[in-house]
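Please examine the following structure together with its sequence. The account below moves from the sheet to the helices.

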Amino acid sequence: MKSRWSRRDFLKSTAALMALGATDGALSASPSQSALPKRRLGKTEEMISCIGFGSGARFCSIQDEDAAQALLERAVNLGVNYFDTAGSYTRRPLERLSEKRLGEFSKKRRKDLFLATKIDPRDRDGALRSVETSLKFLQTDYLDLIQIHSLSDLNDLDRIGSPNGVLAAIQQLKEQKVARFIGITGHNDGTAMTEALRRHDFDTVLMALNAAQSANPVAARKMEPIPAFEQSALPVALQKSMGILSMKVMGQGMLVGSGAGRASPSELLQFNLSQPVACVVIGCEQVAPLEQNVRAALNFTPMSESNRKKLQQTIAPSRSAWRRFLQSHDDSIAV
């Protein structure tokens, strides 16, 4: 099976789409909800905002509930309709703080939002219980997307796909229309993710893509070469027309700034939006960076190959730190 998109075709179509959303860099106090360009989420045919709201650790770090709700409101007013959460996103000792906040926010506008959550249990029964709890906290009777959270390695993949594994659970939920679509996420093992996408027909995949990782096709973990997602999982996802979502665009902040190994948020976002992705999911806890990311998306033009390589060279001094981070980071652990 051949990919529906070549990189060249993607960049041409994206350039035309983004030109419609060009702006002078100013964001009005009450911009139109259609201001932020949307992209097609693969074979789902859903149109989602090219910037997604990540409601993980940063969002959960907000202490004031009114401030958290105001941030969600600003995101929607800027045109964001893709909201990413997980059962494990919280601030101890609170339970499922992220889902609770999104539930309060979305209950009056559910049909306007694309709600995506993630589940951590690898067994069927545990997964079904987790989704039941997610539905309660999100105050909804269906989810737009349920994702298996944070694939770690090939052994983990075997557990996921076992007869009584989590995959069987979310497939059942899709048949029952509790989930419109199903997907998988991962950030530290391109080999396992590639095999997961080959074995199973997910609707979507959320993977780590950034200038530090893609410049280096292998990341050392346990002395074994592990290909980055851009060289391994991304082509398979394209071949199977999956909806592609990206994360870790800023490298958890370690790629942002000035000097060696650093770049501006807009450059890093431009790099990601130049990939064949439907949405770049970015976590935030303040209005200013949210608006900055939206402004960058509104002014987006595809990055040329020469500028991609230049950015990768700029980021190169941070590659080792990024690889070390991936070795130990577990996105499914609550903070």
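**Barrel and packed helices**

Strand S11 (residues 243-247) and strand S12 (residues 279-283) run parallel and are joined by two bridges; strands are DSSP runs of E with at least two residues, and helices are runs of H or I with at least four, numbered from the N terminus. Leu245 has Cys279 in S12 as its bridge partner. Helix H11 (residues 265-273) packs on the sheet and touches strand S3 (51-54), S11 and S12, contact meaning heavy atoms within 4.5 Å. The direction of H11 makes about 145° with that of S12; axes are lines fitted to C-alpha atoms, for helices over the stretch in contact, and angles run from 0 to 180 degrees between N-to-C directions.

This is a predicted model, in which local features need pLDDT of at least 70, side-chain atom pairs count only at pLDDT 80 or more, and totals for chains, interfaces and linings use all residues. Residues are numbered from 1 along each chain as its sequence is written, and side-chain values use heavy atoms, leaving out hydrogens and water.

Eight strands, in the order S3-S4-S5-S6-S7-S8-S11-S12, close into a barrel with parallel pairing, where two strands pair if DSSP finds at least two bridges between them. From one strand to the next, the twist averages 25°.

Among the helices, H5 (residues 124-138) packs with H7 (residues 166-175) at an angle of about 45°, the axes being 7 Å apart. Arg124, Ala127, Leu128 and Val131 in H5 meet Val166, Ala169, Gln172 and Leu173 in H7.

Asp156 lies in helix H6 (residues 154-160). Its relative accessibility is 3%, so Asp156 counts as buried (under 20% relative accessible area, with exposed over 50% and partly exposed in between, for a 1.4 Å probe and protein chains only).
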